Amino acid sequence: KSPLLILERRQLFFQLNPSDFRLFSDWLKSPSLHRDDPFMSLCHDDDVRPCMRFPNQDFADTVSAAVENNTLCVEAVLADKTGHFDAPSLCALFGPVPVPCGFRIRLSDSSDWQYISRRARNRVTSVCDLYAYLRYIKLGIVKQDVHAMFQEVMQLRSEIAMSRLGLTVALNKDAK
């Protein structure tokens with residue numbers, strides 16, 4: 001049997017948290033990705049830091065810094081014809097537990113590739129997704145009202161929590 005657990009998709013209801021919304025609204029006036037901003041501190045302390053907690057914490061901290069600096073590269077490792085990966089079975093983030101490492105990451109263009117498991121990849125990329133969206137807002141690319149942007153940020157934060165728990169939600173836009 002596969003260890004994959006499939007849960008029935010349920011509608012998530014979003015209830016605005018006035019305190020978080022106020023921090024986000026204030027952040028929008030002068031968007032910054034620095035942790036000294038109260039909204040970014042909230043995201044980092046409540047979501048990013050717990051998600052980026054791994055057995056190999058020294059490396060996880062450098063990965064977090066690369067995400068914040070927008071220098072991280074993540075890619076899939078191609079499997080051979082038999083479905084096996086030509087990659088180490090030790091995840092650079094989870095450490096000495098042998099797991100299939102179907103992905104690799106690089107902290108910058110000049111650094112070496114490090115192999116990671118799917119679960120580690122899901123956690124790292126969920127944090128990347130949040131930072132990417134916040135960067136788009138900062139650059140003025142996102143053209144939505146404040147409530148829609150906040151709702152998307154909250155959705156991304158919930159995906160970080162889900163990935164930290166090892167849950168992956170496959171979204172079906174047509175599901176009711």
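Which residue takes a positive phi just after H4? In this predicted model, that residue is Gly 140, with a phi of about 80°.

**Helix H4**
- Helix H4 covers residues 118-139, 22 residues in total.
- From the first C-alpha of H4 to its last, the helix reaches 30 Å, which is close to the 32 Å expected at 1.5 Å a residue.

**Packing of H2 and H5**
- Helix H2 (residues 38-51) packs against helix H5 (residues 146-164) at an angle of about 25°, and their axes lie 8 Å apart.
- Because of this angle, H2 is roughly parallel to H5, as angles under 35 degrees are counted in that class.
- On the H2 side, the contact involves Phe 39, Leu 42, Cys 43, Asp 46, Asp 47, Pro 50 and Cys 51.
- On the H5 side, the partners are Val 153, Arg 157, Ile 160, Ser 163 and Arg 164.
- The residues of this contact comprise seven nonpolar, one polar and four charged.

**The largest nonpolar core**
- The largest nonpolar core contains 41 residues.
- Phe 39, Val 63, Leu 93, Leu 134 and Ile 137 have the most contacts inside this core.
- Two or more residues of the core come from each of helix H1 (18-29), H2, helix H3 (57-68), strand E2 (103-106), H4 and H5.
- H4 gives the most to the core, with eight residues.

**Phe 39**
- Phe 39 belongs to the contact of H2 with H5 and is also listed among the core residues with the most contacts.
- Leaving aside residues up to four places away in sequence, Phe 39 touches Asp 20, Leu 23, Phe 24, Trp 27, Leu 134 and Val 153.

Key. Residues numbered from 1 in each chain as written. Predicted model: local features only at pLDDT ≥ 70, side-chain atom pairs only at ≥ 80, totals over all residues. Heavy atoms only, no water. Axes fitted to C-alpha atoms, helices over the stretch in contact; angles between N-to-C directions. Helix = DSSP H or I, 4+ residues; strand = E, 2+ residues; numbered from the N terminus. Parallel < 35°, antiparallel > 145°, perpendicular 65-115°, else oblique. Contact = heavy atoms within 4.5 Å. Nonpolar A, V, L, I, M, F, W, Y, C, P; charged D, E, K, R; others polar. Expected span 1.5 Å × (residues − 1). Core = buried A, V, L, I, M, F, W, Y, C linked by side-chain atoms within 4.5 Å. Buried < 20%, exposed > 50% of the residue type's maximum accessible area, 1.4 Å probe, protein only.
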